[in-house]
Amino acid sequence: MSETDPGARRKQIIVGIVMGIVMGVVISALTQFWLWLPAGIAVGLAAGAIMKPPER
């Protein structure tokens with residue numbers, strides 16, 4: 001298994017969090033239930049953590 005670049009890994013986590021925030025805001029706005037926002041952030045963080053690392 002190849003080593004991943006820490007900068008790429010950090011960028012991947014940040015992209016996941018941003019995607020989660022966007023998803024949480026959209027779902028929260030549609031449902032008027034604002035607890036979807038932290039749930040979206042958690043899902044984005046998890047997705048960023050488990051995504052396949054980018055190739056060098």
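The protein chain holds two helices and zero strands. The model is predicted. Of its 56 residues, 14% count as buried. The accessible surface of the chain comes to about 4,300 Å². Carbon and sulfur atoms account for 74% of that surface. Take the contacts between residues at least 6 apart in sequence: 58% of these join residues at least 24 apart.

**The helix pair**

Two packed helices are described by the angle between their axes and the distance between the axes. Here helix 1 covers residues 6-31 and helix 2 covers residues 36-50. Their axes come within 7 Å and cross at roughly 150°. Angles over 145 degrees count as roughly antiparallel, so helix 1 is roughly antiparallel to helix 2. The crossing of helix 1 past helix 2 is right-handed. Which classes of residue make up the contact of helix 1 with helix 2? Twelve residues are nonpolar, nine are polar and one is charged.

Glycine 48 sits in helix 2. Is this glycine buried or exposed? Its relative accessibility is 0%, so glycine 48 counts as buried. The cut-off for buried is under 20% relative accessible area. Leaving aside residues up to four places away in sequence, glycine 48 touches Arg9, Gln12, Ile13 and Gly16. With glutamine 12, the C-alpha separation is 5.6 Å, across 36 residues of sequence.

Arginine 9, one of the residues touched by glycine 48, lies in helix 1. Arginine 9 counts as partly exposed because its relative accessibility is 29%. The C-alpha atoms of arginine 9 and alanine 49 are separated by 8.4 Å. Along the chain, arginine 9 and alanine 49 are 40 residues apart.

At 38% relative accessibility, valine 25 counts as partly exposed. Valine 25 touches Trp34 and Leu37, not counting residues up to four places away in sequence. Tryptophan 36 is eleven residues from valine 25 in sequence. The C-alpha atoms of this pair are 7.5 Å apart.

Glutamine 32 is in the loop between helix 1 and helix 2. At 58% relative accessibility, glutamine 32 counts as exposed, since the cut-off for exposed is over 50%. What is phi at glutamine 32? The angle is near 60°, a positive value in a residue other than glycine. Most residues other than glycine have a negative phi.

**C-alpha pairs**

| Pair | Separation in sequence | C-alpha to C-alpha distance |
|---|---|---|
| Glycine 48 and glutamine 12 | 36 residues | 5.6 Å |
| Valine 25 and tryptophan 36 | eleven residues | 7.5 Å |
| Arginine 9 and alanine 49 | 40 residues | 8.4 Å |

Key. Residues are numbered from 1 along each chain as its sequence is written. This is a predicted model: local features need pLDDT of at least 70, side-chain atom pairs count only at pLDDT 80 or more; totals for chains, interfaces and linings use all residues. Side-chain values use heavy atoms; hydrogens and water are left out. Axes are lines fitted to C-alpha atoms, for helices over the stretch in contact, and angles run from 0 to 180 degrees between N-to-C directions. Helices (H or I, at least four residues) and strands (E, at least two) are DSSP runs, numbered from the N terminus. Angles under 35 degrees count as roughly parallel, over 145 as roughly antiparallel, 65 to 115 as roughly perpendicular and the rest as oblique. A crossing is left-handed if the near helix is turned anticlockwise from the far one by less than a right angle, and right-handed if clockwise. Ala, Val, Leu, Ile, Met, Phe, Trp, Tyr, Cys and Pro count as nonpolar, Asp, Glu, Lys and Arg as charged, and the others, Gly among them, as polar. Buried means under 20% relative accessible area, exposed over 50%, partly exposed in between (1.4 Å probe, protein chains only). Contact means heavy atoms within 4.5 Å. Accessible areas come from the Shrake-Rupley method with a 1.4 Å probe; for residues, only the protein chains shown count as cover.
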